[in-house]
Amino acid sequence: KETKSEYIDKNLMIGSRMTVEEKVIGVQNGKIIFLESPEMEEELRASFHFNKDEMQVLDEREFFCPGFIDTHVHASQYCNCGLALDLPLLDWLRKYTIPTEAKYKDLEFAKDVYSACLDRSLRNGTTTAQYFCTIHRESSNVLVDLAIDKGQRVFVGKVATDQNSADYYIEETKTSIEETEKFVQDILSKQVNPLVNPVVTPRFAPSCSMELLTNLGRIAKTYDVSIQTHCSETLPECQWVKELFPGFEDYIDVYDKAGLLTAKTTLAHGIYLSEREMSRITETQTKVSHCPNSNCSLMSGLCDVRKLESLGVVVGLGTDVSGGYSISMLDAMRCSITVSNIIASAKDGGYVPFNYQDALRLATISGAEVLGISDKVGNFEVGKDFDALRVNLSPKAGNIDIFGYETMEELVQKFIFLGDDRNIREVYVAGRRVIKKF
Ligand code: GUN
Ligand code: FE
């Protein structure tokens, strides 16, 4: 049931201890109200007033996994997924991405792509996503309304751009400020859905004047909302920022002086940060979204997430569609492991690359920390919202061979390395079942 359900869960997975087995989990009004051993079942049912028919039992070779959190994805680029990956970032933006984003002036086009993007993202187990839309406020609202309808937990930004873009895809500074503020106000005033959050979204420093950046910092502060942007993704981009903002110490200093480095800020990429920049990120509790598929596909570089984490930076994972060609967080997890292995292979030992547990942590609880919602989601602690995937590795899914002797943790491992949307039988966001495949 949407508001009240209970599971006997033999095979339940939880964030910090990788897996827990033989548990019964209670969900009421979207929240996890207990997580206990099955012997307690009758007692719990009585005290929380659950009927027997509200109880479900997982099948063999099934487990719950916390929903995935995609901390950086361009909904407006979803139509380009798998296309246009033959150029590095700045050329790619000019030739393919800006012309695509310009199409979102057309609300019907926006509706078609945003709808497909949300559906595909949910089917792949992304229960929370932080989206870039385009410079168009109205069409960004189309994504908001579709997300409410489809039930994904979303952070949504109308992109702000007032320089170094195409003449058909650019805003006046004043308009960009006003439209961003209106977009934020509209979402906040709706208050109908606690799953939707506005995000102040300068595209990146090169495409924003200092006046715009500063005003966006002010808006984020006034309304106490999140910020997202790109930072230090490629060397030519870093060089360009140096030329465009000569009075500043470095790339991070531009965002810093504009008031854009906050505990609610997500910087996508962060590959070429200096020691000074990393320490400012740590001091301001700014978060980083690691986008390994995109960083490889656009030939941007390898981000050393271990290093960032060792300095106390909270890092989540992003698909960065369509710089990244896959909207699946399972793909992002695998790419993060591959990138980490490549970094390790270039060192003289002593570097511990990411394993599947690290990747899963990044895709769940760390993503929740990036977005400031780790009190609500990210694992199955009592009191949190039930954002979960019912994962199925049976022959019904048909894509992974299981031989029967595997431990629960091995099933999880196979899911991470070999799984896809066929294995995600159901998806829940705040207790609402938003996907049911069989
Ligand atoms: N930097 C500025 N805009 C973009 C974008 O759309 N994608 C990526 N990957 N980097 C950017
Ligand atoms: Fe991006």
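A crossing of two helices is called left-handed if the near helix is turned anticlockwise from the far one by less than a right angle, and right-handed if the turn is clockwise. In that sense the crossing of α3 and α4 is right-handed, and this report, which concerns a predicted model, returns to that pair after describing how the chain is divided.

**Domains**

The protein falls into domain 1, made of 4-66 + 378-436, and domain 2, which covers 68-370. Taken over C-alpha atoms, the centres of domain 1 and domain 2 are separated by 30 Å. To the contact between them, domain 1 contributes 20 residues and domain 2 contributes 23 residues. On the side of domain 1 that touches domain 2, the elements giving two or more residues are α14 (408-418), β16 (424-429) and β17 (432-436). By class, the residues on that side of domain 1 are 11 nonpolar, five polar and four charged.

**Packed helices**

Two packed helices are described by the angle between their axes and the distance between the axes.

| Helix pair | Angle between axes | Distance between axes |
|---|---|---|
| α3 (residues 107-123) and α4 | about 35° | 9 Å |
| α4 (residues 137-150) and α5 (residues 173-190) | about 25° | 10 Å |
| α12 (residues 329-345) and α13 (residues 356-370) | about 135° | 9 Å |

For the pair α3 and α4, whose crossing is right-handed, the contact is made on the α3 side by Leu107, Ala110, Lys111, Tyr114, Ser115, Leu118, Asp119 and Leu122, and on the α4 side by Glu138, Ser139, Val142, Leu143, Leu146, Ala147 and Lys150. The residues of this contact of α3 with α4 comprise nine nonpolar, two polar and four charged.

Helix α4 also packs against α5, at an angle of about 25°, and α4 and α5 are therefore roughly parallel to each other. The crossing of α4 and α5 is right-handed. Here α4 takes part through Arg137, Ser140, Asn141 and Val144, while α5 takes part through Glu179, Lys182, Phe183, Asp186 and Ile187. The contact of α4 with α5 has three nonpolar, two polar and four charged residues.

**Around ligand 1**

Which residues lie around ligand 1? They are His74, Leu89, Leu93, Thr97, Arg203, Phe204, His230, Glu233, Ser294, Asp320 and Gly323. Helix α2 (residues 89-102) gives the most to this shell, with three residues. Sorted by class, the shell around ligand 1 holds three nonpolar, five polar and three charged residues.

**Backbone details**

Most residues other than glycine have a negative phi, and most peptide bonds are trans. Two places in the model can be read against that background. At Asn29, phi is near 50°, a positive value in a residue other than glycine, and Asn29 is placed in the loop between β2 (19-28) and β3 (31-36).

Methods: Residues are numbered from 1 along each chain as its sequence is written. Chains are lettered from A and ligands numbered from 1 in the order in which they are written. This is a predicted model: local features need pLDDT of at least 70, side-chain atom pairs count only at pLDDT 80 or more; totals for chains, interfaces and linings use all residues. Domain bounds come from an automatic or database domain assignment. Two residues are in contact if their C-beta atoms, placed from the backbone, lie within 7 Å. Helices (H or I, at least four residues) and strands (E, at least two) are DSSP runs, numbered from the N terminus. Ala, Val, Leu, Ile, Met, Phe, Trp, Tyr, Cys and Pro count as nonpolar, Asp, Glu, Lys and Arg as charged, and the others, Gly among them, as polar. Axes are lines fitted to C-alpha atoms, for helices over the stretch in contact, and angles run from 0 to 180 degrees between N-to-C directions. A residue is near a molecule or strand if its C-beta atom, placed from the backbone, lies within 6 Å of it. Angles under 35 degrees count as roughly parallel, over 145 as roughly antiparallel, 65 to 115 as roughly perpendicular and the rest as oblique.
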